[in-house]
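Welcome! Here is a short tour of a protein model, written for someone who is meeting it for the first time.

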Amino acid sequence: MRLFKIIFVCIVIFQGSVLSAQEYKNDSLLREYVNKYGQVEVAFGYPGFDELTLIGRKVPVAAVKDNLVYCVLSDKDISTFLSLDINYKIVPVDGSKAVESAGSVEEAMSWDLYPTYPQYDTIIHRLAGEYPDICKVDTIGESIEGRLILALKISDNVQTDEDEPEVFYTSNIHGDELQGFVLMLRLAEHLLENAGNGGLEQALVDSLEIWINPLSNPDGTYYNGDTISSPVRANANGTDLNRNFPDPFDPGNVPDVENQLMIDFMRSRNFVLSANFHAGYEVFNFPWDRWLSKVPADSTWFYHTGRKYADTVHNHSVESYMNYYNNGVVRGAVWYAIYGGRQDYVTYELQGREVTIELDNTKQTPAAQLSLLWEYNYRSFLGYLENAFYGIHGRVIDDSTEEPVEAKIFIEEHDRDSSHIYSDPLTGSFIRMLSPGTWDLEVSAEGYDTKIVSNIVLNERQQRYITVRLNGASMTDRVIYGDDRLKVWPVPASDIIHVGTEGIMGLEATVSIFNQSGINYYHQKVLIDKGELSFDISFLPPGFYVISFSSGQGQRYYNSFIKN
């Protein structure tokens, strides 16, 4: 193993909380801090981009500031960190920054105190109970320690899955970065209270399906019980969840419990736009986090979206707020590279558009300043969601049956690194958010002739709607054969089919189920890590179907079955 030995200049000036009497490389004190506080923060000199990238693949880098690197280590990280042989200083815990907790739900909903976990649960359900026509609670799952990971859905017909753009806000993937937790609860209340005001809030609620998950790592936030006292960055397993999402080039990165639940939830929706909220800095961060050399296809769109967010903030904040990097906007890897991050996973694997928004230089904003952060940011929270209204909106349908078709939407000489999108398999709808310009869309689907829709002129803050009609043969006219690597039983089937997948083990594939007209009834990404998969087909009407497994590398495997 290569050792990273970082040589400090004779005089190193540690700023702020790093001014400390602790000696360099006090290894025993690292474990004392972890035992006492659940984690330890260390700082060391910036070693250069390439060296830091290698270090960041081994231990969680939390920030780079003023030529210093900060890492927050859980117990599981200590041995790896020590093996790197880095000269470091421990960042002392500032005991003066105690979190102020609310004494009641009413106090918590003044939004200038932090809620206890029971108060949080009550607030979520109270909002849904007070606005049952436009708000409901969904449970993403349970954390390792059994706390609920909750989401609010806010929309004008909230009990129905409408053919509307879905957007998603989430916070506290790092449990000790607290302010987004309160601000997301307050945003939910703000949207509900203003859902009939005739303004932007009403437009968002009427025309979007808005999902808000205020607390995605409850075990980290409530590390010492139901009141926030010593929150930690990682989950109960000591995993930094924002370094733990699947990486397209690191199949060994296995998601921990909370991340797998979040992946399953996001795959069950079709979020066209999302953001996750952090703290420790003040910046709008966009993909890619893992590649410095690769600029995303939609870099211009991402940048101008971030520019609008930050500029709106600047119009309502003190001069010193959110003014780092390019006055508040940075492409992730330009700051520092990370692997296994959520925004890259969503953008690369789920064809979403996700950003990371750092709300405060202080990870635990003093409660009295939460209202200031709200005043600085709430217009930008709304404005970012507004982006879902713009771009090229459309629907892909079968020209003969007018049934929806799941199709790939690709822009030649523009799309790269998985920046294409897909139309929704149930509705055929799609949204391609783009910068102003003239665009040609290539629309393709299994069993259909590819169609080019040319010269779509898109202006700033404009929505262009198109309907794409694809021509193709029915499934009975296509060449369909039973691949020996896919065994399907029973035939005929009733509610469940089983597929033997031993011949394609290790493949990450998209599973689709089509009927004879090419209508896609099922669409799900899976990693084939066992020899048999089972699928619930009870929702299908009786008939002949084809089940398809297709990889991103063009591999496709088919077999057919009959549903009673």
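## Cavities inside the model

On a 1 Å grid over the protein atoms alone, a cavity is a set of points where a 1.4 Å probe fits but cannot get out, and lining residues have an atom within 4 Å of a point. Grid points are joined across faces, edges and corners, and a volume is the space filled by probe spheres set on the points. By this rule, there are three cavities of 30 Å³ or more.

The largest cavity has a volume of about 90 Å³. It is lined by 14 residues, and those closest to its centre are Asp247, Pro248, Arg290, Asp344 and Tyr345. By type, the lining holds eight nonpolar, two polar and four charged residues. Here Ala, Val, Leu, Ile, Met, Phe, Trp, Tyr, Cys and Pro count as nonpolar, Asp, Glu, Lys and Arg as charged, and the others, Gly among them, as polar.

## About the model

This is a predicted model, in which local features need pLDDT of at least 70 and side-chain atom pairs count only at pLDDT 80 or more, while totals for chains, interfaces and linings use all residues. Residues are numbered from 1 along each chain as its sequence is written, and side-chain values use heavy atoms, with hydrogens and water left out.

## The whole chain

The chain has 13 helices and 26 strands; these are DSSP runs numbered from the N terminus (helices: H or I, at least four residues; strands: E, at least two). Buried residues, meaning those under 20% relative accessible area (1.4 Å probe, protein chains only), make up 56% of the 564 residues. Along its principal axes, the C-alpha trace spans about 80 × 60 × 45 Å.

Why is strand 10 (residues 281–286) largely enclosed by the rest of the structure? Six of its six residues are buried, so the strand is largely enclosed. Tyr281, Val283 and Asn285 are buried on one side, and Glu282, Phe284 and Phe286 on the other. In a regular strand the side chains alternate between the two faces of the sheet.

Strands pair if DSSP finds at least two bridges between them. Five bridges join strand 10 to the antiparallel strand 12 (residues 354–360), where Phe284 has Ile357 as its bridge partner. Strand 11 (residues 329–331) pairs with strand 10 in the parallel sense over three bridges, and Asn285 is partnered there with Val330.

## Helix 12

Helix 12 (residues 342–349) is mostly covered, with eight of its eight residues buried. Among them are Asp344 and Tyr345. Just after helix 12, Gln351 takes a positive phi of about 55 degrees.

Definitions and conventions:
Buried < 20%, exposed > 50% of the residue type's maximum accessible area, 1.4 Å probe, protein only. 1 Å grid on protein atoms, 1.4 Å probe; cavity = no way out; pocket = protein on both sides within 12 Å on 5 of 7 lines; lining within 4 Å.
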